Every structure is written in C-alpha cells, then in structure tokens.
Amino acid sequence: MEAVQKSLEQLAKRAPGLHSNSVSAKAAATQPSVHDSIDKLIAQVEAAKATIASSAASSSSPPNPAVLLAELKALVETAQKSILDRQKEFHAALSKSTKALDKKFPIPIDGVADPSLFSSTEAQNALERVIFNHLQRNGDWSTSYKFAAEAKLPLSPQTEALYVQLHNVAAAMSRGDLRPAISWAEQERAWLQTRKSGLEFALHRSQFIRIAAGAILPGSDEAIANRDPDGENVEMMSASIDQLNAGSTSANAASFHGDARTVTPDLALASLANTNVERALAYGREHFKPFRSTHLTEIQRLFTLLAYLPAFIPAPAYGPEGFDSVPVEHLIPTVPLVYRPLLDANLVHAPLLEPMFRLEFCARNKIAKDAPLSIGVEVGAGGALNKIIKVKAVMKERGNEWSQADELPIEIPLPQRLRFHSIFACPVSKEQGTEQNPPMMLACGHVLCLETLTKLAKGNGRFKCPYCPTESYLNQAIRVYF
Ligand SMILES: [Zn+2]
C-alpha cells in the first residue's frame with residue numbers, strides 16, 4: 001500500500017503545476033505553472049497589441065509587423081513548451097500511480113463484475129443512496145451532505161434525526177451512561193413488550209448491579225447525597241410502597257419527557273441512600289416494578305445478591321476509574337456460586353448492552369441494523385469475489401461458461417448473522433428455488449421444486465414421492481414460501 005500512497009503523493013505534487021496558486025509544489029516554484037504561462041502569454045500579446053495601436057495613433061514610424069510577429073511567435077512557442085512540460089510531468093505521475101494501483105490489486109474483476117448492473121439510472125441511484133446511508137450511519141455528517149449535494153439526493157430530516165439519536169444514545173452507553181437508552185426504552189415499553197424484548201429490564205439490571213458494586217453512575221447527584229442528613233434517609237427507606245409508587249410514576253414521567261442530561265429524580269433518590277447496598281435496593285424498588293410479571297425470578301436473585309455484597313459508602317474512590325470500566329470482578333469471590341453470573345460483564349458493562357439497544361432501535365424504526373454497504377463489502381471482499389473468480393477460471397478451462405447473471409455458479413458459505421432469509425434447494429435437482437421454479441410441498445409433506453415435480457408426474461399427473469414413497473398427485477402439491 002505504501003507504493004500506491006507514494007505515487008499518489010507524487011501525483012498530488014505534480015497537479016498544482018497545472019493550476020495557479022501553486023505554492024505547495026516545489027517544482028512549480030522554480031518553473032511556471034500552466035496558468036502562469038498562459039497569463040504571461042496573454043499579457044505579452046496584449047502588450048504587442050498596445051504597441052501597434054499606439055504607433056498607429058501617433059502616426060510615427062510603425063514597427064515592422066514581421067518583427068513583431070516573429071517575436072510573438074517565439075513567445076508562444078516558449079509558453080507552449082513550458083505548458084507541455086508541466087502536462088508531461090503530471091501524466092507521467094498519473095500513469096505511475098495507476099500502475100502502482102494495478103500492481104496492488106492484480107485480480108481483474110472485469111469478468112465477474114457486470115458493469116451493466118450499475119448503468120441504469122435506477123441502479124445508480126440505489127448505489128448512491130446506499131453510500132449516503134452508510135455515511136449517515138457512521139455519523140460522517142459533513143461528508144454525507146456533500147455527497148447528497150453532488151449526487152442530487154434528497155435529504156431526509158427524519159432519517160437523519162434517527163441516526164443522530166442512535167449515535168447519541170450509543171455514545172452515552174459507551175461512556176457508561178444508560179439514561180438516554182432507558183428513556184427511549186420507557187417510551188417504547190409497549191412495543192418492546194410485544195416483541196418480548198428484555199432491553200428495558202437489562203438496562204435497569206446493569207444500573208442496579210453497578211450501583212450495588214459501588215459505582216457512582218452518571219446523573220447521580222453526590223452533592224445531594226452528601227448533604228442529606230441521616231434522618232431523611234431513614235424516612236426515605238421507611239417510605240410506604242404507595243409513596244414509592246408515586247415517586248416511581250413521577251420519575252418515569254420526568255425521564256419520559258425530560259432531557260436525559262438533567263438529574264432524573266430516580267437516580268437522585270437512589271443516591272440518597274447511604275451505602276451501595278441501600279442505593280441499589282432503592283433503585284430496584286423504584287425500577288423493577290414493571291417487570292414483576294416477566295422477570296420475577298431474576299428480580300428476586302438480584303435483591304438476594306445484595307445480601308452477599310460488602311456494604312460501604314460509595315465515593316469516587318470506590319467508583320470506576322472510567323465510566324466504561326466498572327470494577328465488579330473483585331466482588332465475585334464474595335457471592336455464592338449461583339449468584340456469580342449476575343456479575344458477568346455482559347450483564348453489567350454498559351457498552352456491552354449497546355448491540356441490544358441498536359437491534360431494538362433499528363427494528364422499531366425499520367432500519368437495517370447493519371449498514372447494507374458494509375455487509376455487501378464484507379460478503380464480497382470476505383471471500384465471495386475470490387471464489388467466484390477462481391470458479392470462473394476453472395469453468396473456462398473446462399469449456400463451460402458462467403452466463404447467468406442472477407445466479408452464482410457455486411455456493412458461497414456465509415456466517416449465520418449474514419443470512420437474512422432462507423433459500424430452498426431442491427433435493428432432487430439440486431437447483432435453487434426461484435419464482436419460476438418454486439418449492440412445492442407434496443401431500444406427504446416432502447418438498448421438491450416444481451420442475452422436478454413436473455418431470456416426475458409426466459403423463460398422468462400421478463407419481464411416487466422420491467422420499468417416502470407415498471403416491472401423490474401433481475394437483476395436490478402446494479407452493480411453499482421461504
Ligand atoms: Zn414424501
């Protein structure tokens with residue numbers, strides 16, 4: 001890659017020779033740039049013109065036109081030579097860099113890449129939208145605006161707002177701040193419940209365990225906790241369930257509408273309690289209520305965990321050094337074996353909950369959880385392209401040609417997470433199911449493709465299933481959708 005980089009740098013150095021303002025190029029400092037040469041020539045022609053005009057006006061002896069022309073001709077030739085030299089330098093650098101690129105990427109993909117795939121306006125537009133989407137997903141806002149302007153793509157404030165929200169919440173999570181994620185999950189509680197998603201509980205569980213481990217979470221107001229006299233604490237701890245209920249409702253309402261950066265009452269309430277255990281208890285009473293019917297066993301386990309943890313007054317010294325590292329490992333030996341999984345980093349560590357949030361957020365807003373461009377490049381550059389090129393070479397050697405553009409000549413194995421829908425391959429013909437040749441289920445429950453079925457049933461429409469072998473009729477078969 002260094003060779004490519006070097007030749008590109010050379011090219012960039014030569015390029016200013018073509019333009020004016022060529023201060024950056026060393027070569028252009030000693031030799032005039034193309035612009036300078038042309039400007040100089042124009043000035044010289046103008047001067048010659050002025051000389052002729054003034055001599056005509058003053059009616060003195062006119063200069064010999066032949067001499068003037070010869071002089072001008074010499075000037076033009078000098079300028080032309082200088083310009084050609086600059087262009088030659090640039091083209092030499094250009095061809096050198098393309099050679100370096102060719103050397104770096106020696107596989108010719110012309111044979112497998114079908115340029116016509118991207119020649120239609122529709123396809124080009126789709127490609128541009130995928131690139132734009134990728135830039136916005138990655139938060140490259142300024143690049144995305146520039147790209148949209150050049151590709152004449154419409155900007156969608158709604159989509160952008162979604163990506164901004166996704167970015168902000170994810171960034172907060174990576175800092176150990178789960179409040180924006182919790183606030184979103186609370187808003188979407190009904191929807192998350194229909195999906196049987198454990199996101200909201202998982203977020204509160206992480207908060208609970210981290211508080212229990214003595215972490216001082218972002219948003220908890222230590223100043224309030226320190227000023228708090230003991231009497232108030234006792235009062236708070238002995239508050240009736242009804243009062244806590246009321247507190248919980250108002251806290252929910254506050255974080256529902258409020259800015260997540262302000263101190264939400266729930267965390268302030270949690271930090272009113274003195275020790276880590278008391279704070280966690282208060283947090284759990286406050287937030288686990290909506291999950292009693294779905295996560296009761298786990299809530300019981302979480303509260304029991306508190307009984308085994310050493311109690312201490314959390315201070316920044318006990319807390320995490322950075323928000324992204326919560327020291328729970330040292331607590332593991334203090335709790336019985338059965339409770340140790342609760343201190344697992346996957347449950348506790350805020351940044352590790354980010355993929356779970358992303359999944360639900362993207363599903364809720366109907367956006368793909370991974371950028372389509374990344375997936376395309378990952379699958380293609382991750383081995384598919386190489387395999388196809390090899391197979392094509394082998395096929396050519398044997399005199400076969402891979403002609404079908406919409407079908408791959410071989411199977412490309414993909415990791416599970418990159419399989420988005422199932423495909424059907426007929427067990428008899430080994431062909432992949434298509435719209436024209438769909439999978440069909442026989443009366444016995446076995447599935448074959450339509451072409452195989454038609455071949456088997458040739459004649460009277462009656463045939464034996466090649467698997468069981470129950471006899472069935474062609475008109476009994478029904479289409480299966482994968
Ligand atoms: Zn069968």
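Mentor: Let's start with Ala181, which is buried, its relative accessible area being 0%. Here, buried means under 20% relative accessible area, exposed means over 50%, and partly exposed is in between, using a 1.4 Å probe and protein chains only. Please keep in mind that this is a predicted model, in which local features need pLDDT of at least 70 and side-chain atom pairs count only at pLDDT 80 or more, while totals for chains, interfaces and linings use all residues. Residues are numbered from 1 along each chain as its sequence is written, and side-chain values use heavy atoms, with hydrogens and water left out.

Ala181 sits in helix 8. Helices (H or I, at least four residues) and strands (E, at least two) are DSSP runs, numbered from the N terminus. Setting aside neighbours within four places in sequence, Ala181 is in contact with Val169, Met173, Leu203 and Phe357, where contact means heavy atoms within 4.5 Å.

Now step across to Leu203. Not counting residues up to four places away in sequence, Leu203 touches Met173, Leu178, Ala181, Ile182, Ala185 and Leu353.

Leu203 and Met173 also turn up in the largest nonpolar core, which has 46 residues; those with the most contacts inside it are Met173, Leu203, Phe208, Leu309 and Phe357. A nonpolar core is a set of buried Ala, Val, Leu, Ile, Met, Phe, Trp, Tyr and Cys residues joined through side-chain atoms within 4.5 Å. Among the elements giving two or more residues to this core are helix 7 (157-174), helix 8 (179-187), helix 10 (199-212) and helix 18 (354-364). Helix 10 supplies the largest share, seven residues. Apart from this core lies another, of 11 residues, including Leu442, Leu448, Cys449 and Cys465.

On to the charged side chains. Side chains of opposite charge can pair when their charged atoms come close. The whole structure holds 12 salt bridges, each a side-chain nitrogen of Lys or Arg within 4 Å of a carboxyl oxygen of Asp or Glu.

Take Arg86, in helix 4 (residues 65-104). Its side chain meets that of Glu89 in a salt bridge (3.0 Å, N to O). Since Arg86 and Glu89 are three residues apart in helix 4, about one helical turn separates them. Arg86 counts as buried, at 6% relative accessibility, whereas Glu89 is partly exposed, at 27%.

In a second pair, the side chains of Asp85 and Lys81 form a salt bridge (3.4 Å, N to O). Asp85 and Lys81 are four residues apart in helix 4, so about one helical turn lies between them. Asp85 is partly exposed at 28% relative accessibility, and Lys81 is exposed at 53%.

One further pair is Arg462 with Glu471, whose closest N and O atoms are 3.5 Å apart in a salt bridge. Arg462 counts as partly exposed, at 38% relative accessibility, and Glu471 also counts as partly exposed, at 44%.
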